[in-house]
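Open the model in your viewer and keep the sequence panel beside it. This tour goes stop by stop, saying what to select and what is there.

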Amino acid sequence: MACSGCIWPAAIMSSFNPKPNHVSATFTVLNFPVDDVDRAVDDLKKRGVRFEHYDQGDLKTDEKGIMRGNGPTIAWFKDPAGNILSVLKPD
C-alpha cells in the first residue's frame, strides 16, 4: 500500500466510454488505501486530478482537499463520469 513511486490504476488515468442517461453516485464509490495521503494527493494532482473541497459541518477539508482528524485521513476526487473516489489512510 505504500505510495512511493505510485502507479495508479488505469481506471483513474484513462478515458471512459460515456453511457446514455448516466447518473453519478452522490457517495464515495471506491476508496484507494494508501500509506501517505499527502503524497498520493500530490502525485495525482501532478497528473491532473482535481480534489474536492468541503466545508460543511464536520466535513471539512484543508487547502489540499484532505480531511484530517475526523475519521481516517481522506481526500475525495471524481472520475470522468462524476463518481466520487478517494485516497485514504485507514485507521
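**Stop 1: N83**

Select N83 first: with 13% relative accessibility, N83 counts as buried, where buried means under 20% relative accessible area, exposed over 50%, and partly exposed in between (1.4 Å probe, protein chains only). N83 sits in the loop between β5 and β6. Helices (H or I, at least four residues) and strands (E, at least two) are DSSP runs, numbered from the N terminus. Now show what surrounds N83. Leaving aside neighbours within four places in sequence, N83 is in contact with H22, S24, A25, V29, F77 and K78; contact means heavy atoms within 4.5 Å.

A word on the model before moving on. It is predicted, so local features need pLDDT of at least 70 and side-chain atom pairs count only at pLDDT 80 or more, while totals for chains, interfaces and linings use all residues. Residues are numbered from 1 along each chain as its sequence is written, and side-chain values use heavy atoms, with hydrogens and water left out.

**Stop 2: the whole chain**

Zoom out and colour by secondary structure. The protein chain has two helices and six strands. From the N terminus, the order is α-β-α-β-β-β-β-β. Of its 91 residues, 36% count as buried. Among contacts between residues at least 6 apart in sequence, 58% join residues at least 24 apart.

**Stop 3**

Select β1, β6, β5 and β4. In that order these four strands form an open sheet with mixed pairing. Two strands pair if DSSP finds at least two bridges between them. β1 (28-33) and β4 (66-67) stand at the edges with a single partner strand each, so one side of each is left without a neighbour in the sheet.

Next, take the pairings inside it. β5 (residues 73-78) and β6 (residues 84-89) run antiparallel, joined by six bridges. β4 and β5 are antiparallel too, with two bridges.

Now the turns. The β5 and β6 hairpin has five residues between its strands, and G82 in the turn has a positive phi of about 95°. The hairpin of β4 and β5 also has five residues between the strands; there G69 takes a positive phi near 80°.

**Stop 4: A75**

Where does A75 find its bridge partner in β6? At V87. Show the contacts of A75: not counting residues up to four places away in sequence, A75 touches V37, V41, F51, G65, I66, L85, S86 and V87.

**Stop 5: helix α2 and the cores**

Select residues 37-46. This is helix α2, which lies across β4, β5 and β6 and runs at about 140° to β6. The axes are lines fitted to C-alpha atoms, for helices over the stretch in contact, and angles run from 0 to 180 degrees between N-to-C directions.

Which residues have the most contacts inside the largest nonpolar core? They are V37, V41, L44, F51, A75, F77 and V87, in a core of 13 residues. α2, β5 and β6 each supply at least two residues of this core. The largest share, four residues, comes from α2. A second, separate core of six residues includes Y54, M67, I74 and W76. A nonpolar core is a set of buried Ala, Val, Leu, Ile, Met, Phe, Trp, Tyr and Cys residues joined through side-chain atoms within 4.5 Å.

**Stop 6: the aromatic pairs**

Rings of Phe, Tyr and Trp (its six-membered ring) pair if their centres lie within 6.5 Å; planes under 30 degrees apart count as stacked, over 60 as edge-to-face and the rest as tilted. The count comes to two aromatic pairs.

Select F51 and F77. They are edge-to-face, 5.4 Å centre to centre, with 65° between the planes. F51 is in the loop between α2 and β2 (55-56) and F77 in strand β5, 26 residues apart. F51 is buried at 7% relative accessible area, and F77 is buried at 1%.

Finish on Y54 and W76. This pair is also edge-to-face: 5.5 Å centre to centre, 85° between the planes. Y54 is in the loop between α2 and β2, W76 in strand β5, 22 residues apart. Both Y54 and W76 are buried.
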